[in-house]
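Biologist: Hey, I'm new to this one. Could you walk me through some of its strands?
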Amino acid sequence: MSASPQSHRLPSGGLIDRTQSLSFTFDGETYEGYEGDTLASALLANGVDLVGRSFKYHRPRGLLSAGSEEPNGLVRLGEGNRARPNLRATEIPLFDGLVARSQNAWPKLSFDLGALAGLAARYLKAGFYYKTFLWPAGAWPFYEKLIRRAAGLGQPPCGPDPAQHEHHHQTCELLVIGAGRAGLVAALEAAEQGRRLILCDERAELGGSLAWTRDPVDGLEPIAWWDQAVEKLEQNPKVTLLANTTAFSCQNLPLVLLEERRPGGNHRLWIVRADAVVLAGGAIERPLVFPGNDRPGIMLASAVRFYIRHYGVKPGQRAVIVTNNDSAYEALEDLKSADIQVAGLIDMRPAEAAPFRPDGVPVFANYEIAGTRGRKRLKGLTLRYGVDGSRVDLDCDLLLMSGGWTPNLQLYAQAGGRLMMEPQIGAHLPHDATTPLAVVGAAAGKGVSPTAAMPLAKGPMAFMDFQNDVTTDDLDLAMAEGYGDIEHLKRYTTTGMGTDQGKTSNINALSFVAARQGRSAEAVGHTTFRPPFTPVSLGAVAGPARGRDLAPTRRTPFHKANEKAGAVFVTAGDWLYPRHYPHNGEDMAAAIAREVRNTRRQVGVVDMSSLGKIDVQGPDAPTFLERVYCNNLANLAIGRVRYGLMLRADGILFDDGTVARLGETHFLLTTTTARAGEVWQHLERLHQCHWPDLDIRLTSVTDAWAALAIAGPRARDLLTALGPDFPVDKESFPMASVREGLLDGLPIRLYRVSFSGELGYEIHTPAGYAEDLWEAVDVAGAPLGLMPYGLEALDVMRLEKGHISVGTEIDGRTTPADLGLGKLVSRKKDFLGRSLFQRPYLQGKGRLQLVGLQPVDGQTVLPIGAMITAHTWQGTTQVSLGYLTASLYSPSLEHPIALALLKDGHDRLGDEVWAVSPLANQSVRAAVVSPHFFDPGGERLNG
Amino acid sequence: MIHIPCPWCGPRDETEFTYGGEAGDVMPALDGQSDQVAWHAFVHLSENPSGPVSEFWYHGGGCGRWLLVRRDTASYEILEVRDAVEAARGPKDDVER
């Protein structure tokens, strides 16, 4: 651009601060603007006409509007990971050092190769992507890539967003959306009544059209009244004023969501609960539809007035006005004040409709625009007389158009308000007297200029929707192809889609469709309004809940001890859990193998604190547990612990764990780590919602107790060395025992249970004693060869034993019978899930059943996630017989093993199948074996 | 996002609660008598009306109580909230709690 600095800035006027000069760059060029500018006004002040290329045809586009309805002036703001695409230049407050880039142009805005698409326009009609590129068959994916690259609306940054977004919850007695004249009046009234209120506006300054209209308010100049009103509200402590804040969702009143755009790209999501909501969203001026109505220099009449009056910008030298209503006549005075020559005023209505006869301005009544000239900037127009079709040429570089006004009722419609077409203004108004929110001002149609219904012009490149490059021809074509419904038209032509969601195009499109179909606009209806009103950054929606702050991090009471022991941690659910404890220079596989071998040969210790623990007490506790576990518990003696299986009501396995009886009416349950929360909720629900008469109390004690397991042939030696205050020999404390006591002076609950398949004990102690317990075990274990083991070694050992695990085998589809635990299911009692567990579907043939798999070659680890098939994989379709749930190399057996869910697997022991993974391009022959790979007789366990 | 007036904690955001499905039929008794049809209806069938419906909600982010919430699915209006135990036992037993 050849413009000198701020060449298009008026010598005086506007609400900008001319003492505060700000430097910014657009597409690499450096410009200057003033404090109070938007990026759009600063670009105009520097004579930058071209702000973007259109979506489909890459036509040069300038600013159409001055507000959030802007379809053309979309820019990428900022650099690197802070960059944000698709922001409206009209809404970006200028700041020093601002960096913005245009979109949809390559290699650059003024010379865009994509504009060649304009030459191919006849191939890019409505629905082109459904019709073209279909030949040859199968080539679409190739074309799609090209089209997607060419299309696209902006590019998101690739890395994590460094900005700090936050959520803010707020209540108020009144929320006023829109701080123009009507919103300020509503806020002032409520403030005088002492109500606690929030007033928000999407623009950087409150005031709306007060900045550029001339009608006095309460006998004051609009700007003087505005200053007074804002000052009054600012001084009221019960009033919160939010600028740069868009109310974007009213779908769930009384909840309203606001996005506040704060300096530095930090956004704040306001989650507001308002006793009452007033919508003062104003109205948006509509463009007129005529051939070539999209050239830079063609703007909404109100936008030109806004730029002149609010920003002291002169958007052109020689202007023409075209209108179908009175409101555009008010622009004449603004153009005169900015010393812009007016080459003509085209009133599309008959001569007698004009509100007045302007001095010294040629008026063309009953004319319409037949075409426009100028490639990167408007140069002139051709008019056509409505009576005889005669033509007139006008030279101009600025066209102000007004096609009437559309009240901003998106939020009203989101809240469930019904809209009614008002022919007087050619747009919708609120239908109901009893509305979910009060609508005031121009949004309610107040002061909106009556508009003549105009036959919409026909001709090439008459744009209905600027952002999506939809022309009248596209709508005609879509209707000719049978897409007559307005919702279908939207989707087929993309009119009303995109980041502006048709703010300037929807009404024109539906009026056009109505005229073409010979129906009333009321009959055509309108598309559904859904949140957000304008695009919202995903960062604001996520707020602080991202990365490690997405969920709380849970650490076990042994965390510090684990750190000291050299644990490498892994995130498992919310838990930070020891994965393995590598010795010097060891990789993970070596560490796991060593930990397993040491546990199987000597003794190991593992942190089990994340197990869910639920304390059940009360006279009805035995009855309750009999109902919620599917296995028999009636004869569980005090001091004994038993494996327990819990079903869902539909008969599917829900969780496994232990049930320990500490007293006549006192039980302690353990659950899996993964399901701890769900089991707790499930039991509480059964008690509270369904069996409130059972006299029991449930308490979650997961966090109250630290738990570790010691396992291995020397586990009893270790326990004895720790000095328990009760006998722990084989006879006194056999398998499946539990009791409370002291260990090295620490209060404990001791369980003789084992997950690893070794002689093992679980020691629970109140969380506060955790470090003392670890220390004691560590000291006593050192002479016995004790080593800690992590989650991975634990998983290896459970797999060697064929023990099931939540998420792999307990997957929400399997039953105890499927997993080989059918004999545990009681036939003597009723329990939750019994009835539906007996469904033929769950009992019959064809179930996926748990089996072990071993590679026939004895050495290839079966591919994780592999499908099981009857034949090796040859790239053709095969019937799946099941799939692997876990697969690894067993250090104890010194060959690979796997668990799998195999169709009718319990009948297939000894068969050979294929484990195939097309992703890994691997097929491995495998033998079906019992899942109990290691010590199937359980001699070690009972040792 | 709806607001649920918890009888123990006061009005709270829906994010503090877990939805527990429709509170339709009474759970069949675990007396060895109930048939699969009754359990099928209890587990799988729901009314899913557009309008008032009774639902269970669990206030896990608050008092830890299961609540019986009567709610209009069309308007999001909360019509009534009771502690599930009170609702199941009837008003006479309120004193005990």
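Predicted model: local features only at pLDDT ≥ 70, side-chain atom pairs only at ≥ 80, totals over all residues.

Biologist: What order do the strands take in the open sheet?
Modeller: In chain A the order is β2-β1-β7-β5-β6, so you get an open sheet of five strands with mixed pairing. Neighbouring strands there are turned by 40° against each other on average, ignoring direction.

Biologist: Why is one side of β2 and β6 left without a neighbour?
Modeller: Because β2 (29–35) and β6 (84–88) of chain A are at the edges of the sheet, and each has a single partner strand.

Biologist: Okay, new topic. How do β41 and β42 of chain A pair?
Modeller: Strand β41 (residues 738–743) and strand β42 (residues 746–751) of chain A pair in the antiparallel sense, over six bridges. As one example, Glu740(A) has Arg749(A) in β42(A) as its bridge partner.

Biologist: What's between those two strands?
Modeller: Two residues lie between the strands of that hairpin, and Asp744(A) in the hairpin takes a positive phi near 55°.

Biologist: And which strand is joined to β42(A) by three bridges?
Modeller: That's strand β43 (residues 760–766) of chain A, running antiparallel to β42(A). There, Tyr751(A) has Glu762(A) in β43(A) as its bridge partner.

How values were computed. Residues numbered from 1 in each chain as written. Chains lettered and ligands numbered in written order. Pairing = 2+ DSSP bridges. Helix = DSSP H or I, 4+ residues; strand = E, 2+ residues; numbered from the N terminus. Axes fitted to C-alpha atoms, helices over the stretch in contact; angles between N-to-C directions.
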